[in-house]
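Keep the viewer open and follow along.

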Amino acid sequence: MNTPTIAAQRALAPSTEQAIHQAADRAPGWRDWLKVFIDPGLRHPSRLAGATDTVVSTAQALGALAARGLVAHAFFLSGLTKLRDWDITLALFEDEYHVPLLTPEWAAWMGTGGELLLPVLLVLGLGGRFAALGLSVVNLVAVLSLSEIAPAALLQHQLWGALLIALALYGPGRLSVDAWSAWRASRRGA
């Protein structure tokens, strides 16, 4: 029998230090444990991450659409109410609403116009950030111009203000004319 000598065996066998590094390379590390938590039981971690991204992206788009619809509905109905009886609207702007820097007639025209045009732009997501900022101004002027405002009405205006600020900062979302036109422009450029 031809058995290798002790010197030959030592030359072939890895050193203790090499053996430790090889074992450490095979041992599960924190990245392996992270994969288990992110993607338990799946072969490809990117599948769960992709599905999660899709769910979150869809929820964000629907949330932005719902916020746009809620705020647009409230302001558009207010504009229609003002338009329905113009004499009462003018009387309200003369007696109740004290808009700074504008005459009551101009304030009534601008307020009603803003409450009718900007909600349509907002719900469509056409110039979504502009519409959100414009309605924020209308909302702020409405709160500041009233000498007394009921607590429930103030809470409504605060909610609308928060939603409008979020829409102005983050945009109208994927379900908007703005997003569609950006997508279309990127397709033409590609």
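## Surface and overall build

The protein exposes about 13500 Å², and carbon and sulfur atoms supply 67% of that area. Bear in mind that this is a predicted model. Of its 190 residues, 24% count as buried.

As for the fold, the secondary structure comes to nine helices and zero strands. Reading along the sequence, you get the pattern α-α-α-α-α-α-α-α-α. Take the contacts with a separation of 6 or more: residues 24 or more positions apart account for 64% of them.

## A greasy spot on the outside

One stretch of surface deserves a look: Leu101, Leu102, Trp106, Trp109 and Met110 form a nonpolar patch there, and together they have about 680 Å² of accessible area. Trp109, one of these patch residues, lies in helix 6. With a relative accessible area of 57%, over the 50% cut-off, Trp109 counts as exposed.

Now for the inside. In soluble globular proteins, nonpolar side chains tend to be buried together. Here, the largest nonpolar core has 15 residues, and those that touch the most other members are Val71, Phe75, Leu122, Ala132, Leu135, Leu164 and Leu167. Two or more residues of this core come from each of helix 4 (45-84), helix 6 (104-124), helix 7 (128-145) and helix 8 (151-170).

Which residues does Leu135 touch, leaving aside those up to four places away in sequence? Val71, Phe75, Gly114, Leu118, Pro119, Leu122 and Leu164 are the ones. There is also a second, separate core of six residues, and its members include Leu90, Phe93, Val99 and Ala107.

## Aromatic pairs

The structure holds three aromatic pairs. One of them is Phe93 with Tyr97: the ring centres are 4.9 Å apart and the planes sit at 75 degrees, so this pair is edge-to-face. Phe93 and Tyr97 are both buried, and Phe93 is the residue listed above in the second core.

## Around the end of helix 4

What links Glu115 with Lys82? A salt bridge does, with the closest N and O atoms 3.0 Å apart. The structure holds one salt bridge, and both Glu115 and Lys82 are buried.

Leu83 is also in helix 4. Is Leu83 buried or partly exposed? Its relative accessible area is 47%, so Leu83 is partly exposed. Setting aside residues up to four places away in sequence, Leu83 touches Thr112 and Leu116. Leu83 and Gly113 are 30 residues apart in sequence, with 9.2 Å from C-alpha to C-alpha.

## Thr89 in helix 5

Thr89 is found in helix 5 (residues 86-95). Its relative accessible area is 3%, under the 20% cut-off, so Thr89 counts as buried. Not counting residues up to four places away in sequence, Thr89 touches Thr81, Lys82, Ala108 and Thr112.

Two of those names have come up already. Lys82 is the salt-bridge partner of Glu115, and Thr112 is also touched by Leu83.

Technical notes
Residues are numbered from 1 along each chain as its sequence is written. This is a predicted model: local features need pLDDT of at least 70, side-chain atom pairs count only at pLDDT 80 or more; totals for chains, interfaces and linings use all residues. Side-chain values use heavy atoms; hydrogens and water are left out. Rings of Phe, Tyr and Trp (its six-membered ring) pair if their centres lie within 6.5 Å; planes under 30 degrees apart count as stacked, over 60 as edge-to-face and the rest as tilted. Buried means under 20% relative accessible area, exposed over 50%, partly exposed in between (1.4 Å probe, protein chains only). A nonpolar core is a set of buried Ala, Val, Leu, Ile, Met, Phe, Trp, Tyr and Cys residues joined through side-chain atoms within 4.5 Å. Helices (H or I, at least four residues) and strands (E, at least two) are DSSP runs, numbered from the N terminus. Contact means heavy atoms within 4.5 Å. Accessible areas come from the Shrake-Rupley method with a 1.4 Å probe; for residues, only the protein chains shown count as cover. Patches are made of residues with over 30% relative accessible area and no salt bridge: like charges are joined within 9 Å, nonpolar side chains (Val, Leu, Ile, Met, Phe, Trp, Tyr) within 5 Å. A salt bridge is a side-chain nitrogen of Lys or Arg within 4 Å of a carboxyl oxygen of Asp or Glu.
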